Amino acid sequence: MNTAEWILVAILSITLLIFLIVGIVLVIKLIGVSKEIKKVVIEGQDIAKNTNGIVSNVKGMTAIGGTVEMFVDKYINPKLKDKLKEKMKERSENGGKNGEK
């Protein structure tokens, strides 16, 4: 081999060595970054779950329609039904005496 060939082989070897070292360092950095990304994704999922819980709690407290509906169903409707039953009972009692229905 000539001197020129040895110089070319040396230059190519050094270039390949540099690219190999840079590639190894880059792969190591990418592995570290992927671990950090995994931590961020897990933390984001936890935040999303907590946010969903908070939103459902706030929705339950501030939903006026749901609150009013619950109030009407639990308190007002039973009282109205009782009053209606009393009126029907009075009408049936009076209806027999006065001829009303």
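Aspartate 82 sits in helix H2, which covers residues 64-98. The model is a predicted one, and its secondary structure amounts to two helices and zero strands. Of the 101 residues in the protein, 1% count as buried, and the accessible surface comes to about 9,500 Å², with 68% of that area belonging to carbon and sulfur atoms.

**Negative patch**

- On the surface, Asp82, Glu86, Glu90 and Glu93 gather in a patch of negative charge.
- Aspartate 82, one of the residues in this patch, has a relative accessible area of 43% and is therefore partly exposed.

**Salt bridge**

- The count of salt bridges in the protein comes to one, and lysine 39 forms a salt bridge with glutamate 36, where the closest N and O atoms are 3.7 Å apart.
- Lysine 39 and glutamate 36 both belong to helix H1, which covers residues 3-62, and because they are three residues apart there, about one helical turn separates them.

**Exposure of the bridging residues**

- Lysine 39 has a relative accessibility of 54%, so this residue counts as exposed.
- Glutamate 36, the partner of lysine 39 in the salt bridge, has a relative accessibility of 45% and so counts as partly exposed.

Technical notes: Residues numbered from 1 in each chain as written. Predicted model: local features only at pLDDT ≥ 70, side-chain atom pairs only at ≥ 80, totals over all residues. Heavy atoms only, no water. Patch = residues over 30% accessible without salt bridge, like charges linked within 9 Å, V, L, I, M, F, W, Y side chains within 5 Å. Areas by Shrake-Rupley, 256 points an atom, 1.4 Å probe, with all protein chains shown as cover. Salt bridge = Lys/Arg side-chain N within 4 Å of Asp/Glu carboxyl O. Lys, Arg positive; Asp, Glu negative; His and termini not counted. Charge placed at Lys NZ, Arg CZ, Asp CG, Glu CD. Helix = DSSP H or I, 4+ residues; strand = E, 2+ residues; numbered from the N terminus. Buried < 20%, exposed > 50% of the residue type's maximum accessible area, 1.4 Å probe, protein only.
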